[in-house]
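This report describes the contact between two chains and then the fold of one of them.

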Number of protein chains: 2
Amino acid sequence: MIEDKNISKTNLKDLGEFKLIEKLTENFKNINSSTEKGIGDDAAVLSFTKKKVVISTDLLVEGVHFNLAYTPLKHLGYKAIMVNLSDINAMNAIATQVTVSIAVSNRFTLESLEELYSGIRLATKAYKVDLIGGDTTSSTSGLTISVTAIGEVDEKDIVYRNGAKVNDLMVVTGDLGSAYMGLKVLERENEVFKVNPNSQPELDQYTYLVERQLKPESRKDIIKLLKDLDVKPTSMIDVSDGLSSEIIHICKQSNVGCDLYEEKIPIDPQLISTCEEFNIDSTTIALNGGEDYELLFTISQNDYSKIKANPNFTVIGHISDKNSVPSLITRSNSKIPLIAQGWNSIS
Amino acid sequence: MIEDKNISKTNLKDLGEFKLIEKLTENFKNINSSTEKGIGDDAAVLSFTKKKVVISTDLLVEGVHFNLAYTPLKHLGYKAIMVNLSDINAMNAIATQVTVSIAVSNRFTLESLEELYSGIRLATKAYKVDLIGGDTTSSTSGLTISVTAIGEVDEKDIVYRNGAKVNDLMVVTGDLGSAYMGLKVLERENEVFKVNPNSQPELDQYTYLVERQLKPESRKDIIKLLKDLDVKPTSMIDVSDGLSSEIIHICKQSNVGCDLYEEKIPIDPQLISTCEEFNIDSTTIALNGGEDYELLFTISQNDYSKIKANPNFTVIGHISDKNSVPSLITRSNSKIPLIAQGWNSIS
């Protein structure tokens, strides 16, 4: 897909690093008042006089985190930003800036990197964050993307992972497991394509799953909604490695246990039908499939009335005391300990 | 060197990501008051109520930026931090935090990564910066290190690249070209070793050059010294790509020209003798060799008396008006335009 031998494409070597950076970043405009100086000096200059600054960083590696055979570069750029904004949101903060560094092998052209940056631009515009810096270098193999996201939050609003209290309710946004099954569907189609390069992918009945995999959204909307509802979670984390793993993080850091109810875990009908087709248990996928980028948080029971009518939220369990381990209460009412399998090790 | 097949070494796969991060970061202690929360949540939380925040990021790729055949991992860790602190210093700022992300192939062991992190720790301790986050992932080939550095500075002290004025003096710290010749020496020894693996490297007469290559220091001391001397540069940049390239950046962004005097460029005697041995012109190396991590800045002539007696500084030229191009005045008094060759393209 991207090993383009079309001679009208621009070789990166002919361009040089400075021209490449200029080209890739020319359409980015800064919009946040906290951005005093963006790209173009030794460092960016930011101003956060009243707010606290939150910072998170992620590395995406070709062949480990993405496969360009079925990931359009524009989507990859968008997703690379979302993955990081999601961590900022998980602090109850709003992202304001990102830096983006890339290492690329010589099989990439200027045009392919412009595709990648068009996705980055789409994400920065949609989420009102400024691209303020980065690094562009060659690699000996493949594409690596490193994003650092910076956000701001009032001190009183910061939510850590370690504040869950006994009897708090455990709440999750959206639905879980779909991004992982989207990946499974794409991987299967890719195998079919490798055997028969003339085959066309059949994705119509998996559109939701595939979109969840290829174009995740960070839940900035939830941060605003929680503020509007006057709810401050007692703890929060984003669901990137799988629900099970994230619950264990919260419980471990808060020094508590929890009961999670299988029947409460929100899953999409498309996930159910696709899991049946793949002969996989949908609860296993919802628990351990990663890359949902939903928010998992705990709230005081006193706040329950504020969120109960809202379709964005599902109460999936409650916090128990520290002598009990994080557990799943199954549909058949048996109680089994949660295991942090992590999404990389499912298949 | 690092392809260690000793079975007492710990395979990364057996460890898992969370345990690995725990192991690598267990000896880091936060010391800056601006670090409110470091490693361990979705994002770090920082506090800069009175100062401006400066941010810079760099990506180091095995086979492009370093060769592990002659780069000890501890030195590499140290250097990865210095490269980024240097950008912060170039804003006239002091670094306060770093994030470090690594992508590693399975040929690395826990012990080799602990070596890398011992160098990172040495650097963070020596320069009083806190390691506040990062990402650890696998790669399909080699080692990639991504560092983001965060620093602070009073608004009135920020120095950009674009403030050089006509008649300002151009000043550089330390000496130039040595890091590049250190690399040439190491590469030559590595070639000898490949032919005869029993040979011992002969580096005694190149110790300064090799140290400049393997263990560069960012010039935090200069930022303090300039403050003590009550000198605020009109423009500043760090010398990472070569003097020539940096001068052109300053001139272009400040919309001025400059005259650089060949005879004034500070070079070490070891560089001269080694250039003679390699039959290379030492001025070419000083102009285009990279990785010096010295500071290049311009000052008003009124400030000359404050810096003239200080051995850290060398006045190498002056800013001319925008109708003249950045030029080198050679020892034979001819004037030739500077070219931004960049250190990657010298050899």
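## Interface

## Basis

This is a predicted model: local features need pLDDT of at least 70 and side-chain atom pairs pLDDT 80 or more, while totals for chains, interfaces and linings use all residues. Residues are numbered from 1 along each chain as its sequence is written, with chains lettered from A and ligands numbered from 1 in the order written.

## Strand pairing between chains

Strand E2 (residues 44–46) of chain A runs antiparallel to strand E3 (residues 52–61) of chain B, joined by three bridges; pairing requires at least two DSSP bridges. A:Ala44 stands opposite B:Ile55 in E3(B).

## Fold of chain A

Chain A has eleven helices and 14 strands, which are DSSP runs numbered from the N terminus (helices H or I, at least four residues; strands E, at least two). Its radius of gyration is 21 Å, close to the 20 Å of the globule rule for 347 residues, so chain A is as compact as a globular protein of that length. The radius is taken over C-alpha atoms, and the rule is 2.2 Å times the number of residues to the power 0.38.

Of the 347 residues of chain A, 52% are buried, meaning that 20 or more other C-beta atoms, placed from the backbone, lie within 10 Å of the residue's own.

Note on methods:
A residue is buried if 20 or more other C-beta atoms lie within 10 Å of its own, exposed if 12 or fewer, and partly exposed in between; C-beta atoms are placed from the backbone.
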